[in-house]
Amino acid sequence: MLRLELRPQASRTMTFVAPLLAIAATVAAGGVLFAALGFAPLPALATFFLSPLGDLYGVTEWLLKATPLAIIACALALGFRGNVWNIGAEGQLIAGAIAAGGTALALYEVSGLWVLPTVLLAGVVGGAAWAAIPALLRIRFHANEILTSLMLNYVAVLLLAWLVHGPWRSPEGYNFPETRMFTDSALMPLLVEGMRLHVGVLFAPLVAVVAWVILSRSFLGFQIKVIGMTPAAGSYAGFGPNRVIAFTLMFGGGMAGLAGAMEITGPIGQLVPTVSPGYGYTAIIAAFLGRLHPIGILLAALLLALTYMGGDAAQIALGVPLAVTQVFQGMILFFLLAADVLIRYRVRLSLPHGARR
Amino acid sequence: MSEAELATLAAILAAMIRAATPLVFAALGELVTERAGVLNLGLEGMMLMGAVAAFGTAHAGAGHGAAMAAGAAAGVGMSLLFAFLALGLRANQVACGLALSIFGVGLSAFVGKSLVGTPIAALPALPIPLLSEIPVLGPALFSHDILVYASILAVPAISWFLFRTRAGLVLRAVGENHDAAHDIGYGVLKVRTLAVMFGGAMAGLAGAYLSLAYTPMWVENMSSGRGWIALALVVFATWVPVRALMGAYLFGGVTILQLHAQNWGVPVSAQILAMLPYLATIVVLVLISRDETKIKLNAPACLGKVFHSGR
């Protein structure tokens, strides 16, 4: 029988080994999945993980998809460290897109270098405001932020659907549920001519640095870590959890809102009913896979962005459903949670009672 | 009231009960799981796997009994995944539950791709003789399918189990103080695993009801947040089964209100009305959570805490 033995101290080595084990196990399980579907596992895995990065277009799309994941996950990680479970990033992303989109429409055909920063700022404010709701409900009424932030995801989806079907629908859009295309001054400048990758990709390392500074170099970061380890310790040290709750939720919301604003002013160029393929949920996985550390998260975001590309590639080349992306993402998180046991426990082979002396 | 008005009233009541039934199943299952001290946030994923398994089984021509069993079994299968990680490997329960939901949404869409748009025969109604002929109450309460009756009967059954049997006492003891329960000699992990499996079976049945009876078809993500609403209902019910039923019916009412409001000429767009159940969930959570002591008194004391047997 396998037995778990508590380590005297959490293993630092295993903290870094566990994600690698999880990725290896996911690739292996993915091979089994493809084999079960009747494909040769190795070529199918190559289609999923390698073929999307075969040319410059693939690489630029990869970075484009990793950007929102990294930005959101870096911010969410601060909350997760402080035991604040914001799982409403998807709704906050949409709220940011709505605020940014509304601003871009209000500034339709207005030119000026200030237009785009205004639009992006509106996105940040929109996302933070959306996240302020669960923060307020948690602080003022002790309502569980997991459930309230999640409920608001559904509300945000419906709000966006209402806007693009109704009041904001494009007058020249042949009744399609979409707004006008934003004008040039409200669009992200492209980084590589002819590709969709835009300058917003630079926000990913920037937000990572900001998150790192907050966590490692500020009193707020210290408070987050203390409350995350032992919620009661904060009150002995003279601070309650409210500041941490409010900050981490609204920072997460603000960054999700920024990501939403950059999606609609970048690759999409207008508001449509679906502005995200679930980046807000996937970012949760990126945060855990990246060990809640900004550098780890940047790497994890790249890997998870690859699962979106792999899903597309597998759908085209192998004809498997696009949901294969979510299956891989779910497997990564499962294997990671399983591998994490090695951080706090030693796995020992224990002999049956009779064999022991 | 005229006869037509009475008939409308009966139809609305019946629709409310139907809308509430998946919530009743899922909330009751989670209630038992949480009473044993385990917080499983994976309801949404278990429900969707239950829905797709039940639908696929019915679509293959296996009959409704087998379809319901397949739904429950799929829920149990998913719950075992959770139990292995959260109980066996002592991983964080919140993270495991989230993983189960994310994985279930993806896996159900993946395996159900070929079932989209295919028809099945809906679960038939079984009017109860005599009772179903009572005016208003008959069509409202006694002309449903077997899963609706089962969901209602589950309430007294679970109440009896939790508060009147020895096994129920042990389950609650494990949820209140796992160290004491362990010291007395109860198998904490065994009790919790069984409670998680029960929660999985009930969530699977909730999904089966959606895809076999409520809207007899398979659509990606068709539970649309009901798993999360059920989680909120458990808090709203302060972990008491009969209150979970009442809460679910309240939500059924909100859902039906939203569907009928447009027919009644309320000048609000469909998308705004569709927000109602989610907003109602938030309002209900706020109302019940305002009183912190009420939650603290009623919540199982070890809810969500990791149990180390070898302290």
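A salt bridge is a side-chain nitrogen of Lys or Arg within 4 Å of a carboxyl oxygen of Asp or Glu. A:Lys65 and A:Glu61 form such a pair, their closest N and O atoms being 3.5 Å apart. The model discussed here is predicted. Over all chains, the whole structure contains 6 salt bridges, while the count between chain B and chain A is 0.

- A:Lys65 and A:Glu61 both belong to helix α3 of chain A, which covers residues 56–81. The two positions are 4 residues apart, about one turn of the helix.
- Both A:Lys65 and A:Glu61 are buried. For A:Glu61 the relative accessible area is 4%, and a residue counts as buried because its value falls under 20%.
- A:Glu61 also forms a salt bridge with A:Arg196, and here the closest N and O atoms are 2.7 Å apart. This pair links distant parts of the chain, 135 residues apart: A:Arg196 lies in the loop between α6 (145–165) and α7 (203–217) of chain A, and A:Glu61 in helix α3 of chain A.
- With a relative accessible area of 34%, A:Arg196 is partly exposed, whereas A:Glu61 is buried.
- Taken together, A:Glu61, A:Lys65 and A:Arg196 are linked in a network of salt bridges.

- A:Glu5 forms a salt bridge with A:Arg348, with 3.3 Å between the closest N and O atoms.
- A:Glu5 lies in strand β1 (residues 2–6) of chain A and A:Arg348 in strand β2 (residues 345–349) of chain A, so this pair ties together parts that are 343 residues apart in sequence.
- A:Glu5 is partly exposed, at 25% relative accessible area. A:Arg348 also counts as partly exposed, at 36% relative accessibility.

**The contact between chain B and chain A**

- Chain B gives 43 residues to the contact, and chain A gives 42 residues.
- About 3800 Å² is buried between chain B and chain A, and 85% of this area is on carbon and sulfur atoms. Of the area that chain B buries against chain A, 18% is supplied by B:Ile102, B:Phe110 and B:Gln271, more than by any other three residues.
- Across the interface of chain B and chain A, 5 residue pairs are in polar contact.
- On the side of chain B that touches chain A, the elements giving two or more residues are α3 (64–88), α4 (93–111), α10 (226–236), α12 (270–274) and α13 (276–289) of chain B. The largest share, 12 residues, comes from α4(B).
- By class, this side of chain B has 28 nonpolar, 10 polar and 5 charged residues.

**The nonpolar core**

- The largest nonpolar core has 222 residues. Those with the most contacts inside it are A:Ile72, A:Val275, A:Phe288 and B:Trp228.
- Helix α9 (residues 188–214) of chain B contributes the largest share of this core, 15 residues.
- Leaving aside residues up to four places away in sequence, A:Phe288 touches A:Phe80, A:Trp85, A:Leu333, A:Leu336 and B:Ala95.

**Two further buried residues**

- A:Gln270 is found in the loop between α10 (242–268) and α11 (279–289) of chain A. Its relative accessible area is 11%, so A:Gln270 is buried.
- The side chain of A:Gln270 reaches the backbone oxygen of A:Thr179 at 2.8 Å. Beyond its neighbours within four places in sequence, A:Gln270 is in contact with several residues, including A:Glu178, A:Arg180, A:Phe182 and A:Ile264.
- A:Leu137 has its place in helix α5 (residues 115–141) of chain A. A:Leu137 is buried, with a relative accessible area of 11%.
- Apart from neighbours within four places in sequence, A:Leu137 is in contact with A:His142, A:Ala143 and A:Thr148, and with B:Ile282 and B:Val286.
- A:Leu137 and A:Trp162 are 25 residues apart along the chain, and their C-alpha atoms are separated by 25 Å.

Methods:
Residues are numbered from 1 along each chain as its sequence is written. Chains are lettered from A and ligands numbered from 1 in the order in which they are written. This is a predicted model: local features need pLDDT of at least 70, side-chain atom pairs count only at pLDDT 80 or more; totals for chains, interfaces and linings use all residues. Side-chain values use heavy atoms; hydrogens and water are left out. Contact means heavy atoms within 4.5 Å. Buried area is the accessible area (1.4 Å probe) that two parts lose on being put together, summed over both. A polar contact is a pair of N or O atoms within 3.5 Å; within protein, one must be able to donate a hydrogen and the other to accept it, and residues adjacent in sequence count only if both atoms are side-chain atoms. Ala, Val, Leu, Ile, Met, Phe, Trp, Tyr, Cys and Pro count as nonpolar, Asp, Glu, Lys and Arg as charged, and the others, Gly among them, as polar. A nonpolar core is a set of buried Ala, Val, Leu, Ile, Met, Phe, Trp, Tyr and Cys residues joined through side-chain atoms within 4.5 Å. Buried means under 20% relative accessible area, exposed over 50%, partly exposed in between (1.4 Å probe, protein chains only).
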